[in-house]
Amino acid sequence: LFVKFTPIVYLHSGESYYPDEIKNYIKNSRLVKEENEDVVMENITDKNINELSKYDKKYYLELKTKEAREGDKGKQNYFYCFVNSGYDDFNGEFTDLTYVLCFSYNGTLSAHDFDTESITIRIDSEEKIKKIILSSHGKYFSYNPNEIEYEGNRPIIYSAYESHAFYPDPKTYRRMFNFGNDCCERGVRLDDIQMIKLPEDPNLLPDNYEYLKFNGKRAKNFNERFPPLDRYKLNTTNFACPQHTLQKISGIYYDIYLYLFITL
């Protein structure tokens, strides 16, 4: 099912920060103790990367170079995949196929190391798509199947310039009174994205993914670790807000501001 519905992602043509494998992000970082900002591990390699599982939230990862922010422009990109099945009165029996794309850097107004965005495809017992849920700046927005483009079974999703928020159309989405707009276009196509299927229970991770049990902060001032499994177990309460309500409100306020500015 993960292969059948693999999303096709388009980056903005001017995108500077490409997706990357978590392991590459870690190896391009140093481990820092938050209390005194002492460097605990300067060089993280294949030999010592699994030692990260010993550290807790008092430690964080920090990219060592600006070049590491660029991710993997060779397009060896990876979805981290999770499955979650359930039943409720609204959906009936359903299965959520969640694809998480990771970036080493978010270059928007609130720039920071490490960034994740997710695409969840909710299918019914007959493997028909019921909803597609896209993450955008920590929030989730749901779309009906007919609101998304496809190539066969594969939905086409657009990643906003430098913020990487996911959207259904190649256009500009207004945010923060037009000061933090998300711009999407049919730019760089990420098609052959490899998948890493992870278990729901982090304790069941294979030995070669032991580093994902790192309980520290994946970046300075972040409280999340990876893989943030609980974050991607969605239910219908996540979909109460109409799609892009905040963007629409921001656009309305901007129009009012512009009207008053011109009038006065």
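Is E151 buried or exposed, or does its relative accessible area place E151 in between? E151 is partly exposed, with a relative accessible area of 34%. Buried here means under 20% relative accessible area, exposed means over 50%, and partly exposed lies in between (1.4 Å probe, protein chains only).

The model is predicted: local features need pLDDT of at least 70, side-chain atom pairs count only at pLDDT 80 or more, and totals for chains, interfaces and linings use all residues. Residues are numbered from 1 along each chain as its sequence is written, and side-chain values use heavy atoms, with hydrogens and water left out.

Start with the sheet. Strands of a sheet pair through backbone hydrogen bonds, either parallel or antiparallel. Here, 6 strands form an open sheet in the order β9-β8-β7-β6-β5-β16, and the pairing is mixed. Strands are DSSP runs (E, at least two residues), numbered from the N terminus. Two of them pair if DSSP finds at least two bridges between them. The edges belong to β9 (139-143) and β16 (194-197); each has a single partner strand, so one side of each lacks a neighbour in the sheet. From one strand to the next, the twist averages 30°. Such angles run from 0 to 180 degrees between N-to-C directions, with axes fitted as lines to C-alpha atoms.

β8 (residues 129-136) pairs with β9 in the antiparallel sense, over 5 bridges. There, I133 has S142 of β9 as its bridge partner.

Turn to the charged side chains. The structure holds 14 salt bridges. Each is a side-chain nitrogen of Lys or Arg within 4 Å of a carboxyl oxygen of Asp or Glu. One of them joins R30 and E42, with the closest N and O atoms 3.1 Å apart. R30 sits in β2 (residues 29-33) and E42 in the loop between β3 (38-41) and β4 (59-63), so this pair ties together parts 12 residues apart in sequence. R30 counts as buried at 17% relative accessibility. E42, at 33%, counts as partly exposed.

Back to E151. Its side chain meets that of R189 in a salt bridge (2.9 Å, N to O). R189 lies in β15 (residues 188-190) and E151 in β10 (residues 149-151), so the pair ties together parts 38 residues apart in sequence. R189 is partly exposed, at 27%.

R154 forms a salt bridge with D191, the closest N and O atoms being 2.9 Å apart. This pair links distant parts of the chain: R154 is in β11 (residues 154-159), and D191 is in the loop between β15 and β16, 37 residues apart. D191 is partly exposed, with 29% relative accessible area. Through shared partners, salt bridges join E151, R154, R189 and D191 into one network.

How values were computed. Helix = DSSP H or I, 4+ residues; strand = E, 2+ residues; numbered from the N terminus.
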